[in-house]
Amino acid sequence: MSQVSMTVNGKSASGEIEGRTLLVEFLRENLGLTGTHVGCDTSQCGACVVHVDGKAVKSCTMFAAEADGAEVTTIEGMGNDDGSLGTIQQAFQDHHGLQCGFCTPGMVMSAAALLADNPKPSEAEIRDYLEGNICRCTGYHNIVKAIMAAAGHDVSGIAAE
Amino acid sequence: MYSFEIERPTRLADAVKLLSDSTEAQALGGGQTLIPTLKQRLAMPERLVSLSGIDEIRGIRTDGEGALCIGGATTHAEVAAGAGAYPALAGLAANIGDPAVRNRGTIGGSLANNDPSACYPSAALASGATLVTNSREIAADDFFEGLFATALEEGEIITEVKFPVPEKAAYKKFEQPASRFALVGVFVAKYGDGVRVAVTGASEDGVFRWSEAEAALSSDFSAGALAGLSLSGDGMISDLHGSGDYRAHLVGVMARRAVEAA
Amino acid sequence: MPADGGIGAPTPRREDVRFLTGSGNYTDDINLNGQAYVYFLRSDVAHGTLNNIDTAAAEAMPGVVRIFTGEDFAEVGGVPCGWQVTDKHGEPMQEPAHPVLARGKVRHVGDPIAAVVAETLEQARDAAEAIEVDIDELPAVIDMKAALEDGATKVHDDLTSNLCYDWGFIEDNKAAVDEAIANAAHVTTLELVNQRLVANPMEPRVAVGDYHRANDESTLYTTSQNPHVIRLLMGAFVLGIAEHKLRVVAPDVGGGFGSKIYHYAEEAFCTFAAKALNRPVKWTSSRSEAFISDAQGRDHVTKIDLALDADNNFTAIRTETYANMGAYLSTFAPCVPTYLHGTLMAGNYKTPNIYVNVKAVFTNTVPVDAYRGAGRPEATYQIERVIDKAARELGVDPIALRRQNFITQFPYATPVAVEYDTGDYTATMDKLEEIADVAGFAARRKESEARGKLRGFGVNCYIEACGIAPSALVGALGARAGLYDAATVRVNATGSISVMVGAHSHGQGHETSFPQVVAEMLGIDPSMVDIVHGDTSKIPFGMGTYGSRSLAVCGSAMVRATEKIIAKAKKIAAHMLEASDADIELKDGQFSVAGTDKSVAWGDVTLAAYVPHNYPIEDVEPGLEETAFYDPANFTYPSGAYACEVEVDPETGKVTIERFAAADDFGNIINPMIVDGQVHGGLGQGIGQALLESCTYDESGQLLTGSYMDYAMPRADDVPFYAVDHSCQTPCTHNPLGVKGCGEAGAIGSPPTVVNAVIDALQSGGHNITHIDMPLSPSRVWQAMQG
């Protein structure tokens, strides 16, 4: 066991970990931040995406020890200070971009990373960027639409509600 | 995962020592292949030596001979953003895995692993790259030794990869529908002294150079020059995503498209 | 409609806030004090005799609490099957035992052999590696037709063969069908495979067992679509725990698509072990484990004949299907290829003669059960593919051929035992042609061809029987349970309302849409109404969520309970207003005396119910809470017409979906935003089946697609925006809401649409290809083009 310290959602966090402790395990089990999910074991579904030093990573495919000293942001840190939903979160609700909610934290974190790099991505760029985030509920329609809306696109012309 | 310790050296020399101290030590690049392997308990290291904190093997520079030199611990995302001097290479890096994978996975890790479906080996081989390790330099032509096999010794670390920048180049990948790894990927690079064509994803022996295509393209760098050339499906990977014949066919299609895009 | 969103409003979902902020409560988020972890040692061979399990070395490993094997479950029941099919000779199906942990034999890769409970999961896994298992591997039975050959290795030694049942539907139709086919002007025949799929909800299954010795109560937290069903099956048939001592909680559940309907061995194990060890026991499936332990879907091999007369009227359908059951019978498995499949073989068409034969087969594979659509996708795929092939053979327009044969008079009794109440298939096809811009296809094809691509157009119609209920009907068809549902409407003193529903929401948005109904009925703000679901200790009863039944069945129960509330509240209001309750009207949350300006507010009446000072106490009990059970008279019959345009890259065989349009008739709509989302999701899964997904075993029974590295899940760039429309509405006639259900439609209607489009594209390129089995992966399409 060794000690790890990092900043998570703006607060310092530390704990005892093993070498094999994954970042997602540290977040969920040590810190009780259960918003980050595990949906596969081959680094493909993206339910576990968080930001480490501002970059989207799969927290199931990174050891907690490697995040020592890092700034980590999880879905729990994406809202506004007053508790209201952030822009991307609000767009997901407004456009029904989630159903069961399990992939949603990863989707929101990936969307946030995309918009940080590319503030007004096209539909094709969004679909391409989401290659590492699998959703089984929505057929992606409203996820893509929500991200377009969060980026300031007029989505009223997109088919259906 | 089995239990192991993690070391995070910040100097290459320390990493080399940590790896040589134990026969059960293993280098950890971005971990995007190694960690899933560990989860399946298919590897049993006692110690992982993380290379991600070693600044001296990270970054992109141009050397005196005009080669683009990429540190072994440089992530795919960093190559995608920073290898503008070699657009085909940057483009390849920008399509490995997905964005989150590209933020962790490294060029050194990918080349050291030599997955038969990985993208980077084709770039290294087609570019005639030189792989620099902590102890020597290895030509790409001598580096890849078949599926998951390379010329690296135990504990040897890829510190830099030197890519001679070609006049023209392009990489075209046909993705396996599930993993999105290359079902077939073809990297075509045109240099002053000839054209090199490297193929990943297809062969049971891993990445290889398609010499007939190289000869044809060296005398006429056009898609038409590849007409009539074909590979045999024998020796190609055959699985539920495609037969050997299909992969052989795709090599031709991707090679032609790469030439057109170059 | 209430200002803030009653029936028909696209109200944003209230559950989203917790999911978007990481505040959901999924089963794996639950950790109990003192919990131990279980790891299941699973068979790595498909078939073998289990000679001995030596756990001695493993028991001594660090952290091991106890190791369980099949012998520990000798005194409890096996995992039960909830449906009994009667074969064509009137005999019951063959029904093998399904032990919680394997005994005597292992029958598929993933069959659990031993369960290691330890202080940590990694310790349990370490110890599992130290268990010595002596298995004599037996030949595996994988191919269904080979499994039925004389002398085939038997999956279950105590059964007479690998045949679960040989079912004829309807046996009395058979002679007429054979005769119609023999006398037909044209017969189109098609052999096809509806491939095995894995449901793959993004949340893997989890079970946490808990036990309180002081009151002998067991609690199971589980990823279930129907906690009451789990309580019944596990309590009554496996562990022998009476309902009042067994609580089953299904908290936030990350998708199900059928795979979380069933009672699984892991649930029984955790509940059993928690009691045996007197401490909580938790199991979390990995994705890899899910691939070899979640019930899988589809897996039918079919030959269908469609007979037409000289005027192209359908005269008969005859279909013969082999349906894979896997190694054991999962909860609903026997009914999927029979009553959820055979009854739909009329489709949208007035075919007078239909006969369906299904042979259900045991193999050494993971059990198969319902997956989104369940039987109805298999029926639709056959009908709509064979119609398309017939149109091509006859040189007629596929839309015209369908229109000509549509059922147009309702109610319509099919030759396969069901009666469609309402529908307007011509109207949905008209709507489809509009939203799909059929007229513009030719120009788009030309544009694709200019880029070297083949473009194809495919169309499809579907009908489904959903709102899975009537108990009497399903009972006659073999169900061992009723399929009604229940709701309790609890009005609190201040007028706020909790509605306890038997349906379970795991993505469907019940917490938003159900209050819209109650609010509309009472004329109050939906925010005053909350839904409670997923906990047997809080809800009277319920059969859960599957078969697009939640609103049609449970929602109807909720309406009936609300009607009782209104009737009682009117009596209280009448007393307060000194009027006759027959004269009381409820509008916009006000009770008024008809024709007067006298009124009392909703909140005044509810307060009076709990503070009964001035109250008709002689006639009316205090309090305001009502329960209703609802058992409808018939299934509901949503229908629709879908269209797809694809491009095929002739060099690589890669298919891309360029356009997809869906015109559905779901009857009345409560929340159109949620309905659209359900259709989108179904389309994503159906396109996945058509182009990407396949659960594939090799000849020895090893799963070749055991992770997302080989099982191709649809991703965002595999699909386009979909044009969906549900403005064609023929309300259901036998539930109070007039709703039909929308959860499965997209997955039912889309696979044949896509395949029809790909065949059309290939034909346009001069390839004489009439069929390719799904998934239409690049390699399969390319292979077909090679001739």
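**Strand pairing, packing and chain contacts in a predicted model**

C:Gly48 stands opposite C:Val106, a residue of strand β4 of chain C. The structure is a predicted model. The partner strands here are β2 (residues 48–54) and β4 (residues 105–106) of chain C, which pair in the antiparallel sense over two bridges. Strand β2(C) is also joined to strand β6 (residues 132–137) of chain C, in this case by six bridges, and these two strands run antiparallel. Within that pairing, C:Leu50 stands opposite C:Ile135 of β6(C).

Elsewhere in chain C, C:Ala323 lies in strand β14, which covers residues 314–326. C:Ala323 has 27 other C-beta atoms within 10 Å; the threshold for a buried residue is 20 or more, so C:Ala323 is classed as buried. When its neighbours within four places in sequence are left aside, C:Ala323 is in contact with C:His300, C:Pro337, C:Val358, C:Ala360 and C:Val361. For C:Arg231, the C-alpha to C-alpha distance to C:Ala323 is 29 Å, and the two residues are 92 residues apart in sequence.

In chain B, helix α1 spans residues 12–21, and its residues B:Ala15, B:Val16, B:Leu18 and B:Leu19 are buried. Viewed down the axis of α1(B), these buried residues fall within an arc of 165°, so they line one face of the helix. They pack against three strands of chain B, namely β1 (5–7), β2 (25–28) and β3 (47–50). The exposed residues B:Ala13 and B:Asp21 are carried by the face of α1(B) that is turned away from the buried side.

Chain A contains five helices and five strands, arranged along the sequence in the pattern β-β-α-β-β-β-α-α-α-α. The C-alpha trace of chain A spans about 55 × 35 × 25 Å along its principal axes. For a chain of 161 residues, a compact globule would have a radius of gyration near 15 Å; the value for chain A is 16 Å, which agrees. Of the 161 residues in chain A, 65% are buried. Among the contacts in chain A with a separation of 6 or more, 59% are accounted for by residues 24 or more positions apart.

Chain A is in contact with both of the chains discussed above. The contact between chains A and C takes 48 residues from chain A and 49 residues from chain C. On the side of chain A that touches chain C, the elements giving two or more residues are the helices α2 (87–94), α3 (104–117), α4 (123–129) and α5 (141–150) of chain A. By class, this side of chain A, which touches chain C, has 23 nonpolar, 17 polar and eight charged residues.

In the contact between chains A and B, 22 residues of chain A are in contact with 22 residues of chain B. By class, the side of chain A that touches chain B has eight nonpolar, seven polar and seven charged residues.

Note on methods: Residues numbered from 1 in each chain as written. Chains lettered and ligands numbered in written order. Predicted model: local features only at pLDDT ≥ 70, side-chain atom pairs only at ≥ 80, totals over all residues. Contact = placed C-beta atoms within 7 Å. Helix = DSSP H or I, 4+ residues; strand = E, 2+ residues; numbered from the N terminus. Nonpolar A, V, L, I, M, F, W, Y, C, P; charged D, E, K, R; others polar. Buried ≥ 20, exposed ≤ 12 C-beta atoms within 10 Å, placed from the backbone. Arc of directions from axis to C-beta. Rg over C-alpha atoms; globule rule 2.2 N^0.38 Å. Pairing = 2+ DSSP bridges.
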